[in-house]
Amino acid sequence: MEKIYMIDTIGPFFTGIKKKKLNWSKIPFYYLEKQDLSQKKIQKIVGYFKIFIEKAKDMGYNAVSVDELCYMVDFDFYDPDLKKKIQRYRELYNEIFKIAVESQMKIFVTTDIMFYNDSIESYLKNTKITETELLMEGIIRLFDFFPMVEGVIFRIGESDGVETIGKFKSKIFLKRKKQANSFIKKLLLIFEERSKYLIFRTWTVGAYEVGDLMWNENTYGDVFRGIDSENFIISMKFGDADFFRYLNLNSQFFVDGKKKIIELQTRREYEGFGEFPSFVGWDYQDYYEKIKQNSSLVGITVWCQTGGWSNFKNLTFIKESSFWNELNTYTTVQIFKNGKSVEEAVGEFVPTVSRDRMMEFLKISDEVIKELLYDPNYSRLKLYFNKVRVPTVIHIFWNNVTITDFTVAFYRNFCQDPESSIEIGYKALKKIDKLNRIARENEIDCYDYAFHYDTFYLLLKSRELIYFDLNRECIKEFKTMVKKYRSDYPYAYRFRVKLSKKKKNKIFLPLIRLLVRRKKEYRLQDKILFNKFTSPIYLSIYKTAKKKFPKFLDNQGMPFETLFK
């Protein structure tokens, strides 16, 4: 098969959305149709989609992912209003699919397993039809309605967030390994008959028996046992956690000969969403060198817009609002498709700036990310909690920076040299001044020095709050700086400090030391600690100590308590 170089296409659908904080995980359908999906809105999306496709095609991409199946097919039991709405969406999809086909871009449709609404839940309850059977019918209808679609991308391990609103909302349906295996085998019959591709993502967030699919070879083996089809592709993130730094290449790319796609992110959801330089070139070149001889790799999928919750509104390829995202997006496809070096790719993308000076700028900015947004003394550690690889940064999540008794206890427990962490941070902060000099001398006009410096100065002060027992005056001063930052940059990061007056962070230490392990393999105590009998205990503890955790854990993304299921 021709290798796949896929890119997400949600950006054109976000134009004109007024809401302050948005979920960038998929198309914001609710806000699109809030005042009806008018012809004017459709044509606006189609216009931006055409611009997007032209630029992605020119960069070297040959496939697109488009959200999402539930808005492309209807069922007989839907009410007339919903059928009418879906018909309206089909008109939109017909237009954008036509643009993709004319540009020779393969089309892949995304879906969660499983999407629900009141009609679906009622129908399943009152008939003997299962979710799998209903979905199979939906896939058949998809290929009948849109024969140009090459395949479907299935997300099984994460559902819509608590705040997600709209006509459909997904819930985790595949919870057991045998269930997932059976599901794939049944659906594959349709894909083989139609000569389409079933792309199955291993991304999971630790929930249920399949919660460690993305990194546990035993779970991987059980889920994919007996599945050997030319129409089946496994899609995996580059590491054994989400799109963070300091992650080794996922070892499961090498466990068998099944076709695989590697997932990469160029609008960095945990590193500023493209509002300041966060270059991925060297990291991705390293992954490429390790995986390029793997014959089972059939392509890449690049998230140039997808991922996370934030107030940031830059749109890749649209309105010239996302230079850093586009630089990442171009460099990534040139590395994986054409085997180019970082230097070659950057030189092509920024021909007006001295290549040596641009490379110096990017190298320094990369160091600032890895030394100040991340803490090397902590981020290099490999930590696991039950079925989850613990993120390599825990207090900075999307555009939230949250310092609580829990985050303080966690970092202090694992970081063995906090003084060194602070020293590294201050040295990294000084590098931002050098970035500013290079940018001014070489007319790198897209660089916003003030925002970059002000943001990272507060990140450094946050690190000091985590590692040092600062007095109340220092905390008060920090909150004053945060207030000014929010006034200067109302769309940017949200810094929150919730520390007890007494040193209550010590109450978390015994639990952290008991529950978090330093290696991938499960310990005997993990089997004793995590099971259906102990889950209610952890849920009770979490609910009691809930105020010590960041608020967004339960209202953006899946509820945190899912980790205990």
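This is a predicted model: local features need pLDDT of at least 70, side-chain atom pairs count only at pLDDT 80 or more; totals for chains, interfaces and linings use all residues.
The axes of helices α9 and α11 come within 14 Å of each other and cross at roughly 105°. The axes here are lines fitted to C-alpha atoms, for helices over the stretch in contact, and angles run from 0 to 180 degrees between N-to-C directions. The two helices, α9 and α11, are therefore roughly perpendicular; that label covers 65 to 115 degrees, while angles under 35 count as roughly parallel, over 145 as roughly antiparallel, and the rest as oblique. Helices and strands are DSSP runs numbered from the N terminus, helices being H or I with at least four residues and strands E with at least two.

Residues are numbered from 1 along each chain as its sequence is written, and side-chain values use heavy atoms, with hydrogens and water left out.

Which residues meet where α9 and α11 come together? From α9 there are Phe 323, Trp 324 and Leu 327, and from α11 there are Met 358, Phe 361 and Leu 362. Contact means heavy atoms within 4.5 Å.

Apart from neighbours within four places in sequence, Thr 316 touches Phe 52, Cys 304, Gln 305, Ser 322, Asn 325, Glu 326 and Thr 329. With Cys 304 there is also a polar approach: a polar atom of the Thr 316 side chain lies 2.7 Å from the backbone oxygen of Cys 304.

How many disulfides does the structure hold? The count is zero, a disulfide being a pair of cysteine sulfur atoms within 2.5 Å. For Cys 304, the closest cysteine sulfur is that of Cys 446, and at 17 Å the separation is too far for a bond. Cys 304 is buried, with 0% relative accessibility. Cys 415 is likewise in no disulfide, and its nearest cysteine sulfur, in Cys 474, is 20 Å away. At 5% relative accessibility, Cys 415 is buried.

The charged side chains come next. Side chains of opposite charge can pair when their charged atoms come close. The structure holds 40 salt bridges, each defined as a side-chain nitrogen of Lys or Arg within 4 Å of a carboxyl oxygen of Asp or Glu.

In the first, Asp 286 and Lys 290 form a salt bridge whose closest N and O atoms are 2.7 Å apart. Both residues, Asp 286 and Lys 290, belong to helix α8 (residues 281-291), four residues apart, about one turn of the helix. Asp 286 is partly exposed at 36% relative accessible area, and Lys 290 is partly exposed at 46%.

In the second pair, Glu 371 and Lys 431 meet in a salt bridge at 3.1 Å, N to O. Glu 371 lies in helix α11 (residues 355-373) and Lys 431 in helix α14 (residues 418-441), so this pair ties together parts that are 60 residues apart in sequence. Lys 431 is partly exposed, with 23% relative accessibility.

Are Lys 461 and Glu 464 buried or exposed? Both are buried.

Salt bridges also form a network, which links Arg 245, Arg 268, Glu 271, Asp 283, Asp 366 and Lys 370.

I close with backbone geometry. A cis peptide bond joins Asp 67 and Glu 68, with omega about -25°; Glu 68 is in the loop between β3 (63-66) and α3 (80-102). Another cis peptide bond joins Ile 113 and Met 114, with omega about 25°, and Met 114 is in the loop between β4 (106-112) and β5 (115-116).

Tyr 246 is not a glycine, yet has a positive phi of about 60°. Tyr 246 lies in the loop between β9 (232-237) and β10 (260-265) and is partly exposed at 24%. Trp 398, also not a glycine, has a positive phi of about 55°. Trp 398 is found in the loop between β15 (396-397) and β16 (400-404), and is buried at 9% relative accessible area.

Notes. Buried means under 20% relative accessible area, exposed over 50%, partly exposed in between (1.4 Å probe, protein chains only). A polar contact is a pair of N or O atoms within 3.5 Å; within protein, one must be able to donate a hydrogen and the other to accept it, and residues adjacent in sequence count only if both atoms are side-chain atoms.
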